[in-house]
Amino acid sequence: MKKYVHTLIIAIILIATTANTYAQDNRDIDNYRKPDKRGVNVFEDQKDTISTFEKLHVRMGGSFALQFQGLDHENSGAVELAGLSSNFNLATANLDLDVALAAGVRMHLRTYLSSRHHNAPYVKGGYFQVDKLDFIKEGFLDDIMKYTTIRIGHMENNYGDAHFRRTDNAQAIFNPFVGNLIMDSFTTEVGAELYYQRDGFIGMVGFTNGKLNQSVEENANGKSGGASFLAKVGYDAQVNSDLRIRLTGSLYNTGFIPSLYLYNADRAGSRYYHVLQAATAEDDNFRSGRFAPSFKNSVTAVMINPFVKYKGLEFFGTIEMNQGTTNATATSEALDGETQQYVGELIYRFGQNENFYVGGRYNLVNSQYDGTEDVTIDRFQASAGWFMTNNILAKVEYVKQTYDGYTGLYEDAKFDGIMVEAVISF
């Protein structure tokens, strides 16, 4: 218990220090998604050719989130479940460093100070972003760089649009709900992404080494890694003062990789603590309430995301389909499978500057593997939130999740109840 307390104390001290620094110099960074309410419904960093760079500038920011959980769970009784009570979860905290290095050149680094899975601070990832090439020569390739962005790092990879609305440990101000999607498409791999944004058109191609945990050590196949290819194409337009429309399609495709992390790379963990965990479990299943396909060595995943906002009413959707393989071993045969995920979110924002909102989300996942029965998980969430300021959000959520087609722990399983979350982000 002491190590959790120590981590939380460190987190509070660092965030307080950061807040003091931020108050002294709160200039924003160019081509940068603001970490507060102004960043809601922002996807890729907005491309702006106007540079405010004067000298090297370090912007320190952070996030803090705390939930009260009141959930119940049950199953068929085939496996006894751990008891749940209503209480507070471990507070989570992030520390962000964003540095303007030159005109059109910046760096981002995020550290998880406290998270469900790790009780000690650790780096989530970071990247180096280039929007101008003036550091080579003033005006160099300006006609191209006016629409182009280059991003390189060990970073959150841009597959789909859902990851822009998810909770990233303590950074929960962009998520109108408390939990992320059942099949949480999120990974951090070493690679590079090239963007082209012009007149609402969005294009991106990227490559990574397909690895969450970096190592040069060869595996049993004589390889130390593989490769993943990413691509996105779409259109985003503010049609008039009342209507915005966006539609994107994304691809994540691998050759051989030692281990696939696209659906289980989030080391921060799920917001629904200990749901549907066996009474005999010795360790916390920090991804409780989520689903990850059993693909290990290859996957082809496609995600389509429509977004429409008319005045205060907005719709965000996710259609995701994947196929993957776990290669044969000395003791098991190759396993092929496929999964589909469908999500619909309807949010209504109202009040002065849309400081209040109510919304609902329905999430369905269906998965099939060779020689096994289909399994289905569905979840309904209803949420309400209040932005007390641009930097402070309070939200309450009702959630109900059910499982079908399973045996054992998840046979006739479900959990439901209330979550309350407070978020600070600056």
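1. Leaving aside its neighbours within four places in sequence, Phe291 is in contact with Ile182, Met183, Thr339, Val365, Ser367, Tyr369, Ile377 and Tyr406, where contact means heavy atoms within 4.5 Å. This is a predicted model, in which local features need pLDDT of at least 70 and side-chain atom pairs count only at pLDDT 80 or more, whereas totals for chains, interfaces and linings use all residues. Residues are numbered from 1 along each chain as its sequence is written, and side-chain values use heavy atoms, with hydrogens and water left out.

2. Phe291 also belongs to the largest nonpolar core, which has 39 residues and in which Tyr159, Tyr252, Phe291 and Phe415 touch the most other members. A nonpolar core is a set of buried Ala, Val, Leu, Ile, Met, Phe, Trp, Tyr and Cys residues joined through side-chain atoms within 4.5 Å, and buried means under 20% relative accessible area (1.4 Å probe, protein chains only). Two or more residues of this core come from each of E11, strand E14 (356–369), strand E15 (375–389), strand E16 (392–404) and strand E17 (414–425), and E11 gives the largest share, 4 residues. A second, separate core of 10 residues includes Ile173, Phe174, Phe177 and Tyr357.

3. Over the whole protein there are 2 helices and 17 strands, taken as DSSP runs (helices H or I, at least four residues; strands E, at least two) and numbered from the N terminus. Buried residues account for 50% of the 426 residues, and, of the contacts between residues at least 6 apart in sequence, 65% join residues at least 24 apart.

4. Asn297 sits in the loop between E10 and strand E11 (298–310). Why does Asn297 count as buried? Asn297 counts as buried because its relative accessible area is 7%. The C-alpha atoms of Asn297 and Gly255 are separated by 8.0 Å, although the two residues are 42 apart along the chain.

5. The largest pocket holds about 900 Å³ of space and is lined by 36 residues, of which Asn41, Val42, Phe43, Gln46 and Arg244 lie nearest its centre. On a 1 Å grid over the protein atoms alone, a pocket is an open set of points with protein on both sides within 12 Å along at least five of seven lines, a cavity is a set where a 1.4 Å probe fits but cannot get out, and lining residues have an atom within 4 Å of a point. Grid points are joined across faces, edges and corners, and a volume is the space filled by probe spheres set on the points. E9 gives the most to the lining of this pocket, with 3 residues.

6. Of its 34 lining residues, Arg33, His108, Tyr127, Arg151 and Glu156 are the closest to the centre. Strand E3 (92–102), strand E4 (105–114), strand E5 (122–130), strand E6 (148–156) and E7 each give two or more residues to that lining.

7. The second largest cavity has a volume of about 150 Å³, and the closest to its centre among 17 lining residues are Ile29, Asp30, Thr52, Phe53 and Ala100. E3 and E4 each supply at least two residues of this lining.
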